[in-house]
Amino acid sequence: GSHFGSALEFSQALDCGGCAEAMALKPPDEEQEFLVTIGTGGSDLHCYTEQELRQQLGARHVERSGQARFFCTAAIQPIERFQSLRCPEKVYALVLRRATSSLQLPPAGADAENSLARDIASNDGWKLALQTWRAFTGFGNGYDDGAVPPPKFRVTGKRAGRLLSHLSSNGISEAVGEAIAEFHHWQVDLRGFDLEVVVQVNDEMLLVALPLLERKSALQSHFACPGLTQPVAWAMARSADIGPGELVVDPMCGAGIILLEAAQCWRQARYLGFDSNMAQLERSAENLRTLSGGVGRAVDLVYADATRLPLPAATVDAVVCDLPFGKLFGSEKGNEILYPTALAEFRRILRPGTGRAVLLTNEANADRLTSALCPSQWTVTHRRGLRLGNMEAVLFLAVASKAGGITSVLPVQSMRLPWEDSRGRAKWSTLKALVREPLQSVMPGQKQAR
C-alpha cells in the first residue's frame, strides 16, 4: 500500500536499463537536488551558507531545514564549485525526500520496514543520484561505458520521532540493504563498501542520500575528549595571528583543543603541546586522532612542565594557553606563584619583539595575570572580557617586548577583539568556516559521522 511504486514496476524498469544504465553513463549535465549540512553557528552562518549556495553554486530552490541542513538544486558540473564551499560540513546527493505524513506503511514493524525498503529501492531518483556520486567520487573511472562494476554498499539507517516509532534504525538498515541488493544486484559489504546509502526518517521527512564530500578534520562541534569550549579555543588561535611556518606552543595543552582548532584552520604552521599530566596528554592524543592525517602531522605532544619547557630561548612565534583557574587544577593561592613563573618561561621561549601570547584566565585571577605580565617584559595589546558558561573570563593578548623597550600602559578591557566587528561572538562560526581545510570526496569504507 505505498505510493512509491511496486517491486514489479521497478524490476520492469531494470529490464529497460534502470540503474545499470546509470552506472555506465558519463557525468550528467542535469541538475541534482543536494543536501548540505553545516556545523553549529548563529544566524550569520546560516546567511553566509545560503549566500554561498546561491552565488557560488548558482543553486536555486535553496531551503533551510532546522539549524544544520540546507536543501538546494544545482548543476553538477563543474564539481570544483562544491569543493571550494566554505560553510558546509558535508554534501550529499539526494535520492529522495518525502514528507513522512505521506508514507502509507503497514502497522506491523517488520512489514512497515520491508514496505519502506521497497519504496526506497524502487524510487526513480537513483539514476541521477548515482551518476552524481560517480562524478564526485570517480567510481568506475578507467572502465568503458557499460563495463563499470556494480558498487559494494552499506546502508546506515536512523529513525527518530514518534510517527514511525514501530520502526527501528537497525531494522530500516537491514530491510533497505536487502531491497537494494535484490533490485540493483549490488553486494552488501559493511566494511569494504564503495557507497554508503544514508536513510533518515523522523516526524517531518524521509531522506535517502549518498555522501559526496566531507571535511577530513574533526567535526566542527565535537572532539572525543572535551576541554575548553571550541569557539573560544578557535578565537584564541585566531588572535595569535598565526603565519605560515611559525611555531605555536601551548604549554598547558590539556585536551589540546586550542592547538587542534588552530591546526585545522592555519595548516602551514607547526604546533607543540606540553602538559605535565600524562592523562591530559592522552586526552590530547585521542582528540588528535580525529583530525585528518595532513592536519594531524603538524601537531606534536610532549610531556613537560610549563615552567621548564625543553625549548631554546627565542624560538617560538606564539604561545596560546588556557591558564588554570584554581578550580579543577591547582588553587588561586597557588596561581600567585605559578602565573609569574610560567609567564617568565613563556617570555624566555618567545621571539623578542614579535612573539605573541594569547592567555585566558577567569576574572578572579585577572589581577594575578596582570601582575605576571611585567611591563618591562611584555606589551599587553588587548584585554577582552568573555563568558565561559556561568563564569566571567578575560582574554589577554600580549607581545614579548625587546630588551630596553618602552614600558607600556595596560589597555582598558573591552568586549571585542581587534579582528571582531560589531557582531562579536555571533560571527565566529562564519569566520572559522572561511579558513578551514577544503571539502574532499568521501573515502570508500568509511562510515560518515552525522
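Helices (H or I, at least four residues) and strands (E, at least two) are DSSP runs, numbered from the N terminus. This is a predicted model. By that count, the protein chain has 14 helices and 16 strands.

**Whole chain**

- The protein chain has 450 residues, and 52% of them count as buried.
- The chain exposes about 19900 Å². Carbon and sulfur atoms supply 52% of that area.

**The seven-stranded sheet**

- Seven strands make up an open sheet with mixed pairing. Their order is β11-β10-β9-β12-β13-β15-β14.
- β11 (299–303) and β14 (378–388) are the edge strands, and each pairs on one side only.
- On average, neighbouring strands of this sheet are turned by 20 degrees against each other, direction ignored.
- Within the sheet, β13 (residues 356–362) pairs with β15 (residues 391–400). The sense is antiparallel, over seven bridges.
- T361 has V394 in β15 as its bridge partner.
- Helix α8 (residues 230–239) packs on the sheet. The helix touches β12 (318–322), β13, β14 and β15. The direction of α8 makes about 150 degrees with that of β13.

**Strand β1 and its partners**

- Strand β1 covers residues 31–38, and six of its eight residues are buried, so the strand is largely enclosed by the rest of the structure.
- β1 pairs with strand β3 (residues 69–75) in the antiparallel sense, over seven bridges. Here L35 has F71 in β3 as its bridge partner.
- β1 also pairs with strand β4 (residues 88–99), again in the antiparallel sense, over five bridges. F34 has A93 in β4 as its bridge partner.
- In a regular strand, side chains alternate between the two faces of the sheet.

**N123 in its loop**

- N123 sits in the loop between α5 (109–121) and α6 (126–137).
- N123 counts as buried because its relative accessibility is 6%, and buried means under 20%.
- A polar atom of the N123 side chain lies 2.7 Å from the backbone nitrogen of G125.
- N123 and V208 are 85 residues apart along the chain. Their C-alpha atoms are separated by 10.0 Å.

Technical notes. Residues are numbered from 1 along each chain as its sequence is written. This is a predicted model: local features need pLDDT of at least 70, side-chain atom pairs count only at pLDDT 80 or more; totals for chains, interfaces and linings use all residues. Side-chain values use heavy atoms; hydrogens and water are left out. Two strands pair if DSSP finds at least two bridges between them. Axes are lines fitted to C-alpha atoms, for helices over the stretch in contact, and angles run from 0 to 180 degrees between N-to-C directions. Contact means heavy atoms within 4.5 Å. Buried means under 20% relative accessible area, exposed over 50%, partly exposed in between (1.4 Å probe, protein chains only). A polar contact is a pair of N or O atoms within 3.5 Å; within protein, one must be able to donate a hydrogen and the other to accept it, and residues adjacent in sequence count only if both atoms are side-chain atoms. Accessible areas come from the Shrake-Rupley method with a 1.4 Å probe; for residues, only the protein chains shown count as cover.
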